[in-house]
Amino acid sequence: MLDWNPALYSRYEDERTRPARDLLARVPLAQAARVFDLGCGPGNSTELLVQRFPGAAVVGTDNSEPMLASARQRLPQARFELGDIATWAPETAPDLIYANAALQWVPDHEALIPRLFAVLAPGGVLAIQMPDNRQEPTHRLMREVAAEAPWAQAIGNPDRLRTELLGLDGYYDLLAGEAAAVDVWRTAYQHPMASAAAIVEWVSGTGLKPFVDPLPSELKTSYLAEYERRIARAYPARSDAKLLLAFPRLFIVAQKKA
């Protein structure tokens, strides 16, 4: 299990919260009594849910104790629980299951997504956002460097480190037969970044962790140096001297029949 650094994750909180806000804006619920935020992280997405549904019982779940500690400090009025999304099941059917930038770490979406949808209350909503950036230079270069010596042996097969997404058509097909409505879309956010080092810092809080965490300190240092060198080459400076980081994200909002 990966452990996460809330402070590092939160350095780009505004950018990370924007897709969470965009996802919630498409949730077609006027009110909700029971809301779950799966993979809640430091509570930035849970805070949006508390604001949107002030009368709801909002529960955030995560598999990282440091993230949960940060979330509890941020939102003492919400409940937070340690848990694994792969085996999670609610005691009472929720009106909303919300998962922002979490399910890309959970395998077997062909089974997971229908299972989550099935436990909703009648009329309930499953809302999911996942980074869809495996083919972007940031993530292609992670795998490229990881496949080379001297890092390859410690890291292992880089293709196993994140779940392969099914694409918009795949997720639509998983849900459309049972849902009252399914809304799927893909957006590529464009983030101006100060430097190649800033891009490396961004991904160090999430996608880069499975690559560098297994490395001893000297190999971690050399891996990050080589990765940053290739990032600088892949992201040329724009007219304002900043680097433009494209970050595609995939969204799914499915409502259960009443």
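Thr163 is located in the loop between α7 (152–155) and α8 (167–176), where helices (H or I, at least four residues) and strands (E, at least two) are DSSP runs numbered from the N terminus. The model is predicted, so local features need pLDDT of at least 70 and side-chain atom pairs count only at pLDDT 80 or more, while totals for chains, interfaces and linings use all residues. Residues are numbered from 1 along each chain as its sequence is written, and side-chain values use heavy atoms, with hydrogens and water left out.

**Surroundings of Thr163**

With a relative accessibility of 15%, Thr163 counts as buried; the classes are buried under 20% relative accessible area, exposed over 50% and partly exposed in between, with a 1.4 Å probe and protein chains only. Apart from neighbours within four places in sequence, Thr163 is in contact with Gln104, Trp105, Val106, Pro107, His109 and Arg134, contact meaning heavy atoms within 4.5 Å. For Trp105, the separation from Thr163 is 58 residues in sequence and 5.9 Å in space, C-alpha to C-alpha. The side chain of Thr163 also reaches the backbone oxygen of Val106 at 2.9 Å.

**The sheet**

Seven strands form an open sheet in the order β3-β2-β1-β4-β5-β7-β6, with mixed pairing; two strands pair if DSSP finds at least two bridges between them. At the edges stand β3 (79–82) and β6, each with a single partner strand, so one side of each is left without a neighbour in the sheet. On average, neighbouring strands of this sheet are turned by 15° against each other, direction ignored. The axes are lines fitted to C-alpha atoms, for helices over the stretch in contact, and angles run from 0 to 180 degrees between N-to-C directions.

Strands of a sheet pair through backbone hydrogen bonds, either parallel or antiparallel. Both senses are found here. β1 and β2 are parallel and share five bridges, with Val35 opposite Val58 in β2. The pairing of β2 with β3 is parallel as well, over four bridges, and Asp62 stands opposite Leu82 in β3. By contrast, β5 and strand β7 (residues 243–256) run antiparallel and are joined by seven bridges; the bridge partner of Val125 in β7 is Gln255.

**Helices and crossovers**

Helix α3 packs on the sheet and touches β1, β2 (57–62), β3 and β4 (96–100), its direction making about 150° with that of β4. Together, β1, α3 and β2 make a right-handed β-α-β unit; a crossover is right-handed if, with the strands pointing away from the viewer, the path from the first strand over the helix to the second runs clockwise. From β2 the chain crosses through α4 to β3, and this β-α-β crossover is right-handed. Strand β2 is mostly covered, with five of its six residues buried. Across β6 and β7 lies helix α9 (residues 196–204), which runs at about 25° to β7.

**Salt bridges**

Side chains of opposite charge can pair when their charged atoms come close. The structure holds ten salt bridges, each a side-chain nitrogen of Lys or Arg within 4 Å of a carboxyl oxygen of Asp or Glu.

Arg26 lies in the loop between α2 (13–25) and β1 (34–38) and Asp183 in strand β6 (residues 179–193), so the pair ties together parts that are 157 residues apart in sequence. Arg26 is partly exposed, at a relative accessible area of 48%.

Glu47 is partly exposed at 25% relative accessible area, and Arg74 is partly exposed at 28%.

Finally, a network of salt bridges links Glu144, Glu148, Glu226, Arg229 and Arg230.

Methods
A polar contact is a pair of N or O atoms within 3.5 Å; within protein, one must be able to donate a hydrogen and the other to accept it, and residues adjacent in sequence count only if both atoms are side-chain atoms.
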